[in-house]
Structures are given as structure tokens and as C-alpha cells.
Amino acid sequence: MPTPPLSASAAPAFALHRWLKGELGSVTAHFAQIYFIPSAGIGMLLFAVLWLADRPAALMGLAASVGATFIALVLRLPRDARRNGLFGYNGALTGIAFGALWQPDIALAVWLSVCVGLTVIASAELARRQLPALTGPFVGVMALSWAMQPWLGLLPRASAFACDTGTPGFVFCSVGQVVFVGPLVLGLLTWYVLALWNARATVWALAAGIATWLGIALLAQHWPALAVQAGGIGVNGFLAALGLGVFHRSPAVRLAGAVLAGLICVALGSLLAPIGWPYFTLPFNLAVWTLLVLTRNVNPR
């Protein structure tokens, strides 16, 4: 039977319900867009995995995601891109990082609000210029936060979980470590959730991750810097391969992206480790931006 038309009094309430549903969907879509997925449902599953792994990080990420949605609304950013999470995923990732790295207090909450606003503005500006933001805004505000730690008085939480390079499980652990999820089983679950959306791109990214792990296992004895940066290489290599797959680059380019990201990890690690600065996902950004430029005239596969 056809649906009866809404009465004049019910129409505004129905429109408000649809609007709220769409905007609330953007809150969870931010978690999925960290892995290039424009889906509120997948984002909800990834948030559930994060909740199981680290509740403070999950709560901080959720607060940042809500804040990013509010800021995007105030700035009147394009609706479809906003609801797909394109303007807020860097803010959500920043919230997760804050919750995983530092103990919550008023100063942290205020500074997080500032950082989330900066990521939304930066993402919108990059989108306006038709440039892929990747996690560039996140890296920028994290570098700024690291520099301002003495003035903000941020107190570190317990040291982050590190992936074991001795087994192939390192590959799945690296998938979870993108959002600071440590346990291997939850990294495997994270990869499975990603595969539900785009199995082809995720499997190729996993293949690049396996190749990266094999390279670390074979060369670590002869190249100690490779072993020291193994955690960063795993995270950035997987993201580079996944991101280049989303941009329809060939499997060879995806593998090259993972390798290039790994080499950048080693270079940045040697420069930044003496001063205690992490590089987060900067190598992934540099590798993907470089290869997107170099292959822009190549037919996608």
C-alpha cells in the first residue's frame, strides 16, 4: 500500500528527524573516514572496536567527532561531504590520539577543542582547493600540541602498546594502531570491518603490509634503524597502500607507496627521535601525495 502523505503538522517534525539522523550519522562516519570509508555504519563498528580497546580514547574521539560536526555546521560546509565525514575525521583522530596519549583534564579539553576547529578549517580549505587532506591536518595539530606540552601541562598516560614484529600478526596489529588500537585480535577485527566495505582495496593493503613485514624481518639485522621504526612503518605502510587503492592506483603503485612510506619513517625517525618527537602519520601523507602527483597521468586500474 502507498504511504499516506504527512499532515501539515507532522511534516516539520519528520524533516527535523531526517536532519538529526543525517548529522548524527556524520559523527560516526568520521571514524570510518580515517580509513577512507564514507559510511556511518562502518564508523559505528570501528568505534565499537575502539571502545573495547581503550575507553578514554574512544570517549575523547567521540567528543571530538561531535565537536567537528558542530563546527562544520556553523561554517555551513557542503552537506554531502560533511555527512560522509570528510571534514571531521581528522578531528576525531585527534581526539583519539589525545585520549590515548594524555590524561584528561580541563586544559586538555580546551586545547582539543581548538585543535578540532583547526582540523575542520584546514580540511575544508584543502577540499576547496581540490587537494586530498589525508591526515595532514591531524599531523599538523599533533605537532603543534607536542611543541606546546610544557605550556599546556599535559600529563602522559601509560606508554602505548607496541606491535610485535616477530610474527605475521604484526600486519593486523598495525591496522589497529592507526587509531591507537593495540591488541592483535582487535586489529584483526578492525581489518575485517574494513574488508566489509571494500574487500579488494583492503586485501591489497594487507598484501602490502605483509610485504613490508617481510622486508623488516629480512633486513632488520643489517639495518637496525628499520627495526627501531617498525611500528611506524607498519601503520604508515598500510595506510599508504590503502589510500592509493582508494585513489584507484595500480597494485604496483600501492606497494611502492608502502615502501616509500617505510623509507620516510626511517628518515624521519633518525631526525626526530633524538628530540623525542613522533611523526605520527606524516610518512603516509608524504608518500601518497608524492605518488598521486607522479601517477596523475597514468590510467587507473
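Q: In which helix do Glu 125 and Arg 128 both lie?
A: In this predicted model, Glu 125 and Arg 128 are three residues apart, about one turn of the helix. The helix that holds them spans residues 106-128 and is α6.

Q: How far apart are N and O where the side chains of Glu 125 and Arg 128 meet?
A: Side chains of opposite charge can pair when their charged atoms come close. A salt bridge requires a side-chain nitrogen of Lys or Arg within 4 Å of a carboxyl oxygen of Asp or Glu. Glu 125 and Arg 128 form such a bridge, with an N to O distance of 2.6 Å.

Q: Which residues are linked with Glu 125 in a network of salt bridges?
A: Glu 125 forms a salt bridge with Arg 128. Glu 125 also forms a salt bridge with Arg 129, where the closest N and O atoms are 3.0 Å apart. The residues linked with Glu 125 in the network are therefore Arg 128 and Arg 129.

Q: Is Arg 129 buried or exposed?
A: A residue is called exposed when its relative accessible area is over 50%. Arg 129 has a relative accessibility of 53%. Because this value passes the cut-off, Arg 129 counts as exposed.

Q: Which residue forms a salt bridge with Asp 80?
A: The structure holds four salt bridges. Asp 80 takes part in one of them, and Asp 80 is exposed, with a relative accessible area of 52%. The closest N and O atoms of this bridge are 3.6 Å apart, and the partner of Asp 80 is Arg 79.

Q: Which helix gives the most to the nonpolar patch?
A: A nonpolar surface patch of about 710 Å² is made by residues including Ile 210, Leu 214, Trp 223 and Val 259. The elements that give two or more residues to this patch are α11 (199-219) and α14 (251-272). With four residues, the helix that gives the most is α11.

Q: How many charged residues are in the lining of the second largest pocket?
A: The second largest pocket has a volume of about 340 Å³. It is lined by 23 residues, and Phe 36, Leu 242, Gly 245, Val 246 and Phe 247 lie nearest its centre. Helices α10 (184-197), α11 and α13 (230-246) each supply at least two residues of the lining. By class, the lining has 15 nonpolar residues, five polar ones and, as charged residues, three.

Q: Which helix gives the largest share of the lining of the largest cavity?
A: The structure holds two cavities of 30 Å³ or more, and the largest has a volume of about 60 Å³. Among the residues that line the largest cavity are Phe 31, Leu 46, Phe 47 and Thr 190. The largest share, four residues, comes from the helix of residues 40-53, which is α2.

Q: How many nonpolar residues are in the lining of the largest cavity?
A: Residues such as Val and Leu count as nonpolar, and the lining includes Val 49 and Leu 50. By class, the lining has no charged residues and one polar residue, while the number of nonpolar residues is ten.

How values were computed:
Residues are numbered from 1 along each chain as its sequence is written. This is a predicted model: local features need pLDDT of at least 70, side-chain atom pairs count only at pLDDT 80 or more; totals for chains, interfaces and linings use all residues. Side-chain values use heavy atoms; hydrogens and water are left out. Patches are made of residues with over 30% relative accessible area and no salt bridge: like charges are joined within 9 Å, nonpolar side chains (Val, Leu, Ile, Met, Phe, Trp, Tyr) within 5 Å. Accessible areas come from the Shrake-Rupley method with a 1.4 Å probe; for residues, only the protein chains shown count as cover. On a 1 Å grid over the protein atoms alone, a cavity is a set of points where a 1.4 Å probe fits but cannot get out, and a pocket is an open set with protein on both sides within 12 Å along at least five of seven lines; lining residues have an atom within 4 Å of a point. Grid points are joined across faces, edges and corners, and a volume is the space filled by probe spheres set on the points. Buried means under 20% relative accessible area, exposed over 50%, partly exposed in between (1.4 Å probe, protein chains only).
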